[in-house]
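I opened my notebook to look up a chain and jot down what I found.

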Amino acid sequence: MSLAQPKQKTHIIFLIRQQRFLELLEKKKTLKALYILRTQLTPLAINMDRVHELSSLVLCSTPDDVKQQAQWDGADGKSRELLLVELQRHMLPAMIPRERMMTLLHQAFEWQRKGCLYHDSSEANYSLLSDHVCDKSHFPATTIRILKGHADEVWHLAFSHNGQYLASVSKDTTCTIWDVKTFDIKQVLRGVSNSSSYCEWSPDDSTLLMCGCDFTLRLWDPMTGELLQTFPKHEDQVTSCVWLPDGRHFLSGGCDKKIILWSVFLI
């Protein structure tokens, strides 16, 4: 991409350095922020009224005061996205349409996340300058708790998307819902004569889909233990299932060599 006018380069640099200045103030790194103000913003000699406003922010006592006075929502808000949008307004699109850059950046970060073998969300740090890789040493490799409650082999485990619950499917024909914070049993799904071997949480974690040794899929309310719906159509064991992002449809695959698309209708 190229600049629409050469003189706009200075304005673009000003916007980027202003963002840096505000983020340093938010982190209470006042001396570094003053350095940016004196040596990088002021020498640009543009928008001096804004420079004076920025200098007054140094007197703010808390990060919230900085955000309020600057009308800025912080580094963890949408300020960086808004900055990128503003920068694109001063550039001529070459092959990339306007407003498309943010989507491409999000896709790049998502691609890095999926390719990280030992990904840890709490330690994630993305950059366009290098590929994202989480430290292997942060990957959990030590047993911290043994959960007991099943009467036979455990065949499958699935964490809810919000990380609050764990579902364990066992040969004993039950599925146990565990509270991950306390490791207590939240609910036990029972009442099926044949064993299940697989389960899948719905995208919003409100329901749990189970399948296994019989030819039927079952949809449960994992919190109440209520069987909500059954899906009998396969002619052999159902070995897997997966939700579509809309949470109203899912796919199932079985030993009958069929993949079936289902719709969920709950009252």
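**Entry: the cores.** I looked for the largest nonpolar core in this predicted model, and I found 17 residues in it. Phe21, Leu22, Leu25, Leu37, Leu41, Leu54 and Leu57 have the most contacts inside this core. Which helices supply at least two residues each? I wrote down helix H1 (8-26), helix H2 (30-41), helix H3 (48-56) and helix H4 (63-70).

**Entry: one residue up close.** I picked Leu37 and set aside its neighbours within four places in sequence. What is left in contact with Leu37 is Phe21, Thr42, Pro43, Val51, Leu54 and Ser55. I then noted a second, separate core of 13 residues, with Ala167, Ile177, Val192 and Leu208 among them.

**Entry: the surface.** I turned to the outside next. Val242, Leu251, Ile259 and Leu261 form a nonpolar patch there, and together they have about 380 Å² of accessible area. Where does Leu261 lie? I found Leu261 in strand E13, which covers residues 259-263. Is Leu261 buried or exposed? Leu261 counts as exposed because its relative accessibility is 55%, and the cut-off for exposed is over 50%.

**Entry: the whole chain.** Last, I stepped back for the totals. I counted six helices and 13 strands. The chain has 267 residues, and 35% of them count as buried. Its accessible surface comes to about 16900 Å², with 53% of that belonging to carbon and sulfur atoms. Among contacts with a separation of 6 or more, I noted that 38% come from residues 24 or more positions apart.

Terms used
Residues are numbered from 1 along each chain as its sequence is written. This is a predicted model: local features need pLDDT of at least 70, side-chain atom pairs count only at pLDDT 80 or more; totals for chains, interfaces and linings use all residues. Side-chain values use heavy atoms; hydrogens and water are left out. Helices (H or I, at least four residues) and strands (E, at least two) are DSSP runs, numbered from the N terminus. Buried means under 20% relative accessible area, exposed over 50%, partly exposed in between (1.4 Å probe, protein chains only). Contact means heavy atoms within 4.5 Å. Accessible areas come from the Shrake-Rupley method with a 1.4 Å probe; for residues, only the protein chains shown count as cover. Patches are made of residues with over 30% relative accessible area and no salt bridge: like charges are joined within 9 Å, nonpolar side chains (Val, Leu, Ile, Met, Phe, Trp, Tyr) within 5 Å. A salt bridge is a side-chain nitrogen of Lys or Arg within 4 Å of a carboxyl oxygen of Asp or Glu. A nonpolar core is a set of buried Ala, Val, Leu, Ile, Met, Phe, Trp, Tyr and Cys residues joined through side-chain atoms within 4.5 Å.
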